[in-house]
Amino acid sequence: MAVTRALRAIVSTFPFEPGTHTIGPPAPEVELTALRSRLPWIPEDLVGVCGLVGAVCLPDIANGLFMFEPDYILNALDHDDGRPDRIGRPFEREVDVVVFGSDGGGTLYAVAVGATGRVFRLRECSYLAGVYEGALNVDVTVVAETLDDFLRRLLNAVAVFADDGRVTDL
């Protein structure tokens with residue numbers, strides 16, 4: 001596995017002790033049911049990933065790679081209007097999203113709700129009452145057309161890091 005190779009070949013050379021790296025366990029069905037029930041608009045692909053992989057915590061891989069557990073996703077909404085978070089500016093119409101991951105340094109990853117399923121990287125965006133705002137291709141970037149594409153990019157970033165310590169952008 002690329003994470004094990006990265007920890008052995010790259011992270012072991014760092015001048016500090018590595019953090020705890022975990023993948024999984026898969027989220028229990030009760031948590032997946034809670035996601036579907038409390039967030040009826042959550043993309044089923046994201047629920048599926050939570051059910052197969054669960055939380056991902058790779059603090060020393062690249063700049064850090066994290067995918068949140070269902071409880072975190074449930075409690076991350078900072079508003080009570082029954083809607084998902086949204087990306088406002090730079091878009092003319094707000095895009096409904098669910099934030100599901102991070103690089104640990106302030107960058108968030110969010111998947112669009114509905115038909116598109118695009119994955120956005122949110123860097124240095126403002127956040128107020130459930131709405132992220134930033135500038136297109138600076139603060140808000142489409143990094144994948146689907147969650148599956150994003151996961152392939154994430155696996156590739158881990159593999160590249162394991163090979164030679166290079167950090168690739170998701």
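1. Let's start with the chain as a whole: of its 170 residues, 45% are buried, where buried means under 20% relative accessible area, exposed means over 50%, and partly exposed lies in between (1.4 Å probe, protein chains only). Please keep in mind that this is a predicted model, in which local features need pLDDT of at least 70 and side-chain atom pairs count only at pLDDT 80 or more, while totals for chains, interfaces and linings use all residues. Residues are numbered from 1 along each chain as its sequence is written, and side-chain values use heavy atoms, with hydrogens and water left out.

2. Next, the secondary structure: you will find 5 helices and 10 strands in the chain. Helices (H or I, at least four residues) and strands (E, at least two) are DSSP runs, numbered from the N terminus.

3. Contacts come next, meaning heavy atoms within 4.5 Å. Among the contacts in the chain with a separation of 6 or more, 56% join residues 24 or more positions apart.

4. Now to the rings, where the structure holds 5 aromatic pairs. Rings of Phe, Tyr and Trp (its six-membered ring) pair if their centres lie within 6.5 Å; planes under 30 degrees apart count as stacked, over 60 as edge-to-face and the rest as tilted. One of the pairs is Tyr 109 with Phe 150, tilted, at 5.1 Å centre to centre and 50 degrees between the planes. This pair links distant parts of the chain, since Tyr 109 sits in strand 6 (residues 108-112) and Phe 150 in helix 5 (residues 147-164), 41 residues apart. Tyr 109 counts as buried at 5% relative accessibility, and Phe 150 is buried at 1%.

5. Another tilted pair joins Tyr 127 and Tyr 132, with 4.4 Å centre to centre and 45 degrees between the planes. Here Tyr 127 is partly exposed, with a relative accessible area of 28%, whereas Tyr 132 is buried at 9%. Ring pairs also link Phe 100, Tyr 109 and Phe 150 into a cluster.

6. Finally, look at helix 2 (residues 29-38) and helix 3 (residues 44-52), whose axes come within 10 Å and cross at roughly 165 degrees. Axes are lines fitted to C-alpha atoms, for helices over the stretch in contact, and angles run from 0 to 180 degrees between N-to-C directions. Helix 2 and helix 3 are therefore roughly antiparallel to each other, a term for angles over 145 degrees. Where do they meet? Leu 32, Leu 35 and Arg 36 in helix 2 meet Glu 44, Val 47, Cys 50 and Gly 51 in helix 3.

Conventions:
Angles under 35 degrees count as roughly parallel, over 145 as roughly antiparallel, 65 to 115 as roughly perpendicular and the rest as oblique.
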